[in-house]
Amino acid sequence: MMYSRYVIDVLPLAALALAACTRDSLKNVTDQYLAAQTKGSSGDLASRTAPNLTYTENEVKMALDRSVLTEPIIIDHNRSIFDTVQCATFTEIIAATNIHQYVIGTRMEINANSKISKIESIVTDRGDWAFNATGYRYWDSLESWDPIPAEKQDSREVIQAAGDAYFDRFKNESVVVPFGVPCSRLEGGASTAPLNLTGDSCTAAGLPSTLVVTNRRYVVDQEMGTVDIFLGFPGLDRSQGMNTMPDSHVFRVESGQIRYIHTVSSCVEAGCGMNGVGPPQKIRSSPASWGPRVPLRFDMTAKRGGGRY
């Protein structure tokens, strides 16, 4: 009897959550997010958020009205993926013609009441890892991210496993990463494609072999053959030792093999402590009207103290 009562009580909640997580409902959420960002009106999104919303920007907690959502941004490109199993979304934004250039990756979780319960944004600009919004826009325009026909779609498990294999390889060189041919990585705006335009430039660009990547958070979209993984990337900013930096990797997986990888990664020090020897960055001249937003980039002190802006 107790089991029957449990089933009766829980099933309506499960059904409600399932009903709330259709592709259309999740797309409506990302459409509202993009509209709010374009307008620079965080209040337009606040009406869709849960009372206990958690918002982080480069892993620092802050209020929506102190976030990048208060800044009107010209969005040149956006792409969203929808996880109807976890009720989560991921959106990529490229703002190359905006006065203040950005590449932004945002992960959102939706609760059973169709409210946004968590927003995690990685907001990158000048000085972050390989930042080049113009390059990001260019290389993305050459790629094909069309929906995958139902009969050719991989399972959620296969798609996620491809992304996990990539990061597992960071610690164990014996891990086989299912790179396709061709395969290319787009990091901050710098592409590996010129290393091998028709082959596997993902392998040619090399991978770490001594790093343990934890705290992975996933958004998986079978229709798009895509998994986004939010994580802390150890040692990315050389000025911070092995402290983890806010990072997002998006993997496009076709027939079990990785076709494209897109990354956005925030650093503490401009240039990520590489002293000019890291991936090339394109830093255009700043017009008089340009001004840095506060916080401009990831703040280690705020993260360590659990601080809030």
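1. Cover of helix α5. The buried residues of α5 are covered by elements that include β3 (77-83), β7, β9 (217-221), β10 (226-234), β11 (244-254) and β12. Contact here means heavy atoms within 4.5 Å. The buried residues of α5 are R156, I159, A162, G163, D164, A165, Y166 and F167; buried means under 20% relative accessible area with a 1.4 Å probe, protein chains only. Helices (H or I, at least four residues) and strands (E, at least two) are DSSP runs, numbered from the N terminus.

2. Basis of the model. This is a predicted model, in which local features need pLDDT of at least 70 and side-chain atom pairs count only at pLDDT 80 or more, while totals for chains, interfaces and linings use all residues. Residues are numbered from 1 along each chain as its sequence is written, and side-chain values use heavy atoms, with hydrogens and water left out.

3. Length of α5. Helix α5 covers residues 156-168, and its end C-alpha atoms lie 18 Å apart.

4. Overall figures. The protein has seven helices and twelve strands. Of its 309 residues, 51% count as buried. Among contacts with a separation of 6 or more, 65% are between residues 24 or more positions apart.

5. Second largest pocket. Its volume is about 160 Å³. A pocket is an open set of points on a 1 Å grid over the protein atoms alone, with protein on both sides within 12 Å along at least five of seven lines; lining residues have an atom within 4 Å of a point. Grid points are joined across faces, edges and corners, and a volume is the space filled by probe spheres set on the points. The lining has 14 residues, with S184, A193, L197, R259 and Y260 nearest the centre. β7 (179-187) and β12 (257-265) each supply at least two lining residues, and β7 gives the largest share, three residues.

6. Second largest cavity. There are four cavities of 30 Å³ or more, a cavity being a set of grid points where a 1.4 Å probe fits but cannot get out. The second largest cavity holds about 50 Å³. R79, S80, I81, F90, E92, W145, V250 and H262 line the second largest cavity. β3 and β4 (88-95) are the elements that give two or more residues to this lining, and the largest share, three residues, comes from β3.

Notes: Buried < 20%, exposed > 50% of the residue type's maximum accessible area, 1.4 Å probe, protein only. Expected span 1.5 Å × (residues − 1).
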